[in-house]
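Open your viewer and have the selection tool ready.

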Amino acid sequence: MHKVIVNSTPIISLCHIGKLDLLKELYGKVLIPEAVYREINAKHDSVAKATLDNSLDWIRICKIQNEMARFFFKSQLHDGEVEVMILGKEEEATLLIIDDKNAKNHAKYLKFNVTGTLGVLLKAKKVGHINAIKPLLDKMVSEGIYIDAKVQAYCLKEGDE
């Protein structure tokens, strides 16, 4: 059984383009640590907060058990990223979905399989859940989500667009 744990930025990004359900379609139920839920709920009027709250039938919020493990992580990681990795170890996750490059590198060092929002979009296209990636990337950028131009180009190339 797949255990997928998602950080806040992928959830926020997918909510902004109306595609949070891709996580459900691709992975079934997903887990988020409490810190990720708090980060998303920090802005009471955010699109992500409302969408997440309506998705709690397939997104499970989990409390990490080993609070002391926080001290083993680099200080430049956010609470959500740290809890994603701790929960990943506790739940023996098969995949972590994280966008921050530093956090991804740390997760890979810990031997996690890692992808990000764009990896989710690529997988969704490959299995036929979406027809095109470019309009979604354009919408993310128009919503103020930064995507490096080289990363965009790579994603479009991988998606045959």
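Which residues does Glu81 touch, not counting residues up to four places away in sequence? Select Glu81 and you will find Asn7, Asp100 and Ala103 in contact, where contact means heavy atoms within 4.5 Å.

A word before we go on: this is a predicted model, in which local features need pLDDT of at least 70, side-chain atom pairs count only at pLDDT 80 or more, and totals for chains, interfaces and linings use all residues. Residues are numbered from 1 along each chain as its sequence is written, and side-chain values use heavy atoms, with hydrogens and water left out.

Stay with Glu81, in helix α5 (residues 79-91); helices here are DSSP runs of H or I with at least four residues, strands are E runs of at least two, and both are numbered from the N terminus. Glu81 is buried, that is, under 20% relative accessible area with a 1.4 Å probe, protein chains only. Now show His78: its backbone nitrogen lies 2.9 Å from a polar atom of the Glu81 side chain.

Next, select Asn41, in the loop between α3 (34-40) and α4 (47-53). Asn41 is buried too, at a relative accessible area of 13%. A polar atom of its side chain lies 2.8 Å from the backbone oxygen of Tyr37. Beyond neighbours within four places in sequence, Asn41 contacts Lys49 and Asp53.

Finally, colour helix α7 (residues 117-126), whose buried residues include Leu118, Leu121 and Leu122. Among the elements covering the buried residues of α7 are α1 (8-16), β4 (95-97) and α9 (149-158). Just after α7, click Gly128, which takes a positive phi of about 90 degrees.

Conventions: Buried < 20%, exposed > 50% of the residue type's maximum accessible area, 1.4 Å probe, protein only. Polar contact = N/O pair within 3.5 Å; in protein donor to acceptor, adjacent residues only side chain to side chain. Lys, Arg positive; Asp, Glu negative; His and termini not counted. Salt bridge = Lys/Arg side-chain N within 4 Å of Asp/Glu carboxyl O.
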